[in-house]
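Visitor: Hi! I'm new to looking at protein structures. Could you walk me through this one?
Guide: Happy to. Let's bring it up and take your questions as they come.

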Amino acid sequence: MNYRHAYHAGNFADVMKHATLVLALEHLKLKEKPFFFLDTHAGTGETDLSGIEAQKTGEYRDGIARILKHPAPHEALAPYLNALMALGCSGENPTRYPGSPLIATQLARAGDRLAACELHPEDAAELRAVFQHDRQMKVHETDGYGALKAMLPPKERRGLVLIDPPYEGRDEFDRVEAALHEAVKRWAGGTYMIWYPVKDPSVSGAFLDRLENNGPAKTMIAELYIRGSQDPTRLSGSGLVIVNPPWTFPETLTSLFNWLAEILAQGPGARGRVEWLQK
Ligand code: SAM
């Protein structure tokens with residue numbers, strides 16, 4: 001496990017993933033009944049953007065920093081930007097960027113329940129430290145795929161699972177697909193969000209084809225390309241597979257991802273793509 005999210009924190013992929021995560025959590029909060037949130041690949045919880053890793057790549061400068069500098073961000077970003085501000089990420093030169101578990105706890109209400117899994121021992125220790133005084137978020141140093149089996153279905157019977165692996169190994173798309181099938185068998189009513197990178201579009205495309213032919217019902221994708229996909233060794237975009245999305249998502253994410261593509265473009269061919277795999 002060599003992947004360290006600190007190099008990428010706050011980049012375009014974090015922006016699209018976290019903005020969508022916040023919208024999904026806001027949707028869950030429309031009903032009073034408590035929800036369960038599971039983050040299977042949680043990371044460290046927070047990144048110091050002035051640290052060596054973030055400064056080495058500077059990826060956040062073409063991600064969250066561009067959004068924070070924009071005079072009129074897309075209206076669907078409001079709850080995400082409010083959460084970031086409450087967590088100390090604001091202004092034109094942000095010095096920290098929160099990870100998915102911290103963003104989720106910021107959104108959660110008193111009765112909601114949250115769990116975060118992180119397998120890397122150092123990252124898990126950092127994550128534990130972030131949540132040491134938080135009684136609502138349970139941090140587990142464990143395999144997130146195993147947690148899907150151990151923790152689903154949740155007693156609340158409503159909620160969201162974020163599956164955000166590092167895709168270091170060639171088999172990660174297969175692992176994600178198998179884990180999703182297994183999870184949906186246990187809990188068909190949950191909302192699942194799976195992040196994936198787009199480098200070689202034939203690899204992510206094959207994954208999506210399999211889900212289109214053999215995946216769960218009510219599954220959509222939302223992809224953000226920051227450039228065209230001519231070079232398959234380079235990240236050209238990233239996507240989210242969303243199972244049981246809020247009913248507002250097709251329209252909201254189409255508008256939001258088109259806007260993000262314009263603002264976060266790093267070359268010709270930037271675009272958003274939102275469509276159903278299975279209705
Ligand atoms: N979800 C985080 C966020 O949005 O802020 C970022 C997570 S990062 C992309 C992926 C994380 O998964 C890394 O911190 C890595 O150490 C961890 N990881 C890798 N394999 C894992 C596994 N099998 N179970 C749990 N965590 C794993």
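Visitor: Let me pick a residue. Is R157 buried or exposed?
Guide: R157 is exposed, because its relative accessible area is 55% and the cut-off for exposed is over 50%. Keep in mind that this is a predicted model.

Visitor: Where is R157 found?
Guide: R157 is in the loop between helix 7 and strand 6. Its phi is positive, about 60°, although R157 is not a glycine.

Visitor: What about P153, where is that found?
Guide: P153 also belongs to the loop between helix 7, residues 144–151, and strand 6. The peptide bond leading from L152 to P153 is cis, and its omega is near -5°.

Visitor: What is phi of Y167?
Guide: Phi of Y167 is near 55°, a positive value in a residue other than glycine. You will find Y167 in the loop between strand 6 and helix 8, which covers 172–186.

Visitor: And does Y167 count as buried or exposed?
Guide: Y167 counts as buried, because its relative accessibility is 13% and buried means under 20%.

Visitor: Switching topic: how much space lies in the second largest pocket?
Guide: The second largest pocket holds about 290 Å³ of space. It is lined by 13 residues, and the closest to its centre are H27, L28, R158, T191 and N244.

Visitor: Which elements give two or more residues to that lining?
Guide: Those are helix 1, residues 12–28, and strand 6, residues 159–163. Helix 1 gives the most, with three residues.

Visitor: How does the lining of that pocket split by class?
Guide: The second largest pocket has six nonpolar, five polar and two charged residues in its lining.

Visitor: How far apart are the end C-alpha atoms of helix 1?
Guide: They are 25 Å apart. At 1.5 Å a residue, the 17 residues of helix 1 should span 24 Å, so the two values agree.

Visitor: What caps the N-terminal end of helix 1?
Guide: That is N11. One of its side-chain oxygens lies 3.1 Å from the backbone nitrogen of A13.

Visitor: Now the ligand. Which residues come nearest to the ligand?
Guide: There are 21 residues around the ligand, and H18, E118, D143, G144 and D164 come nearest.

Visitor: How far is a nitrogen atom of the ligand from the side chain of D164?
Guide: A nitrogen atom of the ligand is 2.7 Å from an N or O atom in the D164 side chain. There is also a ligand nitrogen 3.2 Å from a polar backbone atom of L119. For D123, an N or O atom of the side chain is 3.4 Å from an oxygen atom of the ligand.

Visitor: Two more residues, please. Where is T219 found?
Guide: T219 is in strand 8, which covers residues 219–225. T219 is buried, with a relative accessible area of 1%. Its side chain reaches the backbone oxygen of P216 at 2.8 Å.

Visitor: And where does A76 lie?
Guide: A76 lies in the loop between helix 3 (64–69) and helix 4 (78–86). At 11% relative accessibility, A76 counts as buried. Its C-alpha atom is separated by 9.8 Å from that of V22, although A76 and V22 are 54 residues apart along the chain.

Notes:
Residues numbered from 1 in each chain as written. Predicted model: local features only at pLDDT ≥ 70, side-chain atom pairs only at ≥ 80, totals over all residues. Heavy atoms only, no water. 1 Å grid on protein atoms, 1.4 Å probe; cavity = no way out; pocket = protein on both sides within 12 Å on 5 of 7 lines; lining within 4 Å. Points joined across faces, edges and corners; volume = space filled by probe spheres on them. Helix = DSSP H or I, 4+ residues; strand = E, 2+ residues; numbered from the N terminus. Nonpolar A, V, L, I, M, F, W, Y, C, P; charged D, E, K, R; others polar. Expected span 1.5 Å × (residues − 1). Polar contact = N/O pair within 3.5 Å; in protein donor to acceptor, adjacent residues only side chain to side chain. Near = heavy atom within 4 Å. Buried < 20%, exposed > 50% of the residue type's maximum accessible area, 1.4 Å probe, protein only.
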